[in-house]
Amino acid sequence: MYTFALPAEWKQPLLELRRAGLTEREAAWHRTVPTQAVNQLMRATAPDIVTVDGTATFGSQSPWLYCEQEYPMSVMNTYIAAWLRNLGKNPDDPAIGARLMDTFRDLGPTLPHWQLGMVDLLEQDLSPGGTAQPANHVYRLLPEVMAGRIERQEPYEHNGERLMFRRVAQLPGARGIGSGGAELMSWPPRKIESGKAPSYYAARITITVRTSPFSPVPRVHLATGIRRFVTGKVWMPYQKGVSVYLLPDTSLVPDGLSSPAFSVATIRWRNGTTDWSLGGVQGMLGYVTALDALPSVDRLVKEADHWIGGRDGLTLAVGHQAAMGAHPVGTGLMPSERRRLTEWAEQALAPELVPVPLLARSRYAGPPKRQLQPLPSVPKEEKKPGDLAAASESGNSVSPTTRSSAGPASPKPSTEPRSSAWSSTRPTTSAIGCSRLRKRALAWPAIDGRRRVMSGGGTLRSFPSSCAHCHSVTWAHRSAESGCPAVERNTSRRSTSVAARSRLRWRRIACR
């Protein structure tokens, strides 16, 4: 396999180019050289090149690109020039342009080349707990190699239907956490007639490398599903890109190699216009002259299925997203179809890989036993009128707090700590009264033995908080519902006079 590594001498010049035009504080945050943009460029124009990292790695021990055949260096130099031009903050700035030319001059004698060598697809270490830790390139290369073997085997057949799968170019994920993988998609797509226009979909197989806790052997996961395509107008989701799957007859860039795999480009809606994510006049796709072979975005978003059958040397399909709305084709596959697809793909992975043993049914299977028991019913105790009168008389023995000409008597000090009373000056919402009435009020903390309650109308009232039971009911409660003789029947806060409120305040204390 051919590898492409960046020389170690490139690190400092590229970092200086990356920090050009930035303040000292901004430059301190840029410690690596990103490669996401050029990785997306190669995904759209050179699907056979496998990228393994989202940041630049320097040195021959950490290759950046992998390919089964040597890609033309003229194309690679064009990719590198577009990448370096995109590193600066503002490529049109004359100062940054001069720095770019100086960087090209310094890097010219040490341009990298493809190197043919052996790559260990099972390179790994063991954690202290005995869990496999594959190398970073294993997460991308091993799925791609397995996908190529699945692509080259006989087509999948079922009920007289045949499906041929093609690889789809992918991007590397975050470094060191096992993201990334490979994908295959069936082509030509399946078509169903629904409504005025047909709908298209295809089967897909994703391959990823994962680890199992405390297992020294990594796992290769196969997942199956479907991909739906847009018919007619493309409804662009807000601030999200839409994938466009490309299958050109020839390479999109001059002197490039044609590939049977799908390349993936992205269109994005921004500032009221839709364009290629890396396109435009100053974009990287325009820099490598790939836009000349692509259709106009304005027409593509209106006639997404115009190129799905192949036209003008290009086959193109726009992927559907849930944010675009409903699609005539549902999501997912039936379990039986998933099993058949997985068994068909397993044939290409043998004998190096073997299926994991099937899970055994637990002997504890079955619905859990019922643990909750119904509570015994408690008979309701009926209160007689004589009992209510006796309770009222016993409450009168408490020393009341009455109004006098000299002013209100000093209330009983609150038993609550003052720290909790003054902990917040903002009222807290609390439910007051019967749950059937569903009335709410704003309650302040108790201050000097009194509690202030604001009713729904906004009128602030104050009364002693000696009777906790009566304080928890509303003025509209009936005595039969609250069970407290101190609350009068059908009295309202707004309609009650001052004298009536004074009597209610008396009775609230006396009912203790």
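What is the volume of the second largest pocket?

Reply: The model is predicted, so local features need pLDDT of at least 70 and side-chain atom pairs count only at pLDDT 80 or more, whereas totals for chains, interfaces and linings use all residues. Residues are numbered from 1 along each chain as its sequence is written, and side-chain values use heavy atoms, without hydrogens or water.

The second largest pocket has a volume of about 560 Å³; a pocket here is an open set of points on a 1 Å grid over the protein atoms alone, where a 1.4 Å probe fits and protein lies on both sides within 12 Å along at least five of seven lines, and the volume is the space filled by probe spheres set on those points, which are joined across faces, edges and corners. Its lining, meaning residues with an atom within 4 Å of a point, comprises 29 residues, with Ser60, Gln61, Ser62, Pro63 and Tyr66 nearest the centre. The elements that contribute two or more residues to this lining are β1 (2–4) and β4 (114–116), where strands (E, at least two residues) and helices (H or I, at least four) are DSSP runs numbered from the N terminus. By class, the lining holds 14 nonpolar, eleven polar and four charged residues, with Ala, Val, Leu, Ile, Met, Phe, Trp, Tyr, Cys and Pro taken as nonpolar, Asp, Glu, Lys and Arg as charged, and the others, Gly among them, as polar.

The classes in the lining of the largest pocket are 16 nonpolar, two polar and five charged residues.

The structure holds twelve salt bridges, including one between Glu352 and Arg149, whose closest N and O atoms are 3.0 Å apart. Because Glu352 lies in the loop between α9 and α10 (385–395) and Arg149 in helix α6 (residues 138–152), this pair ties together parts that are 203 residues apart in sequence.

Definitions and conventions:
A salt bridge is a side-chain nitrogen of Lys or Arg within 4 Å of a carboxyl oxygen of Asp or Glu.
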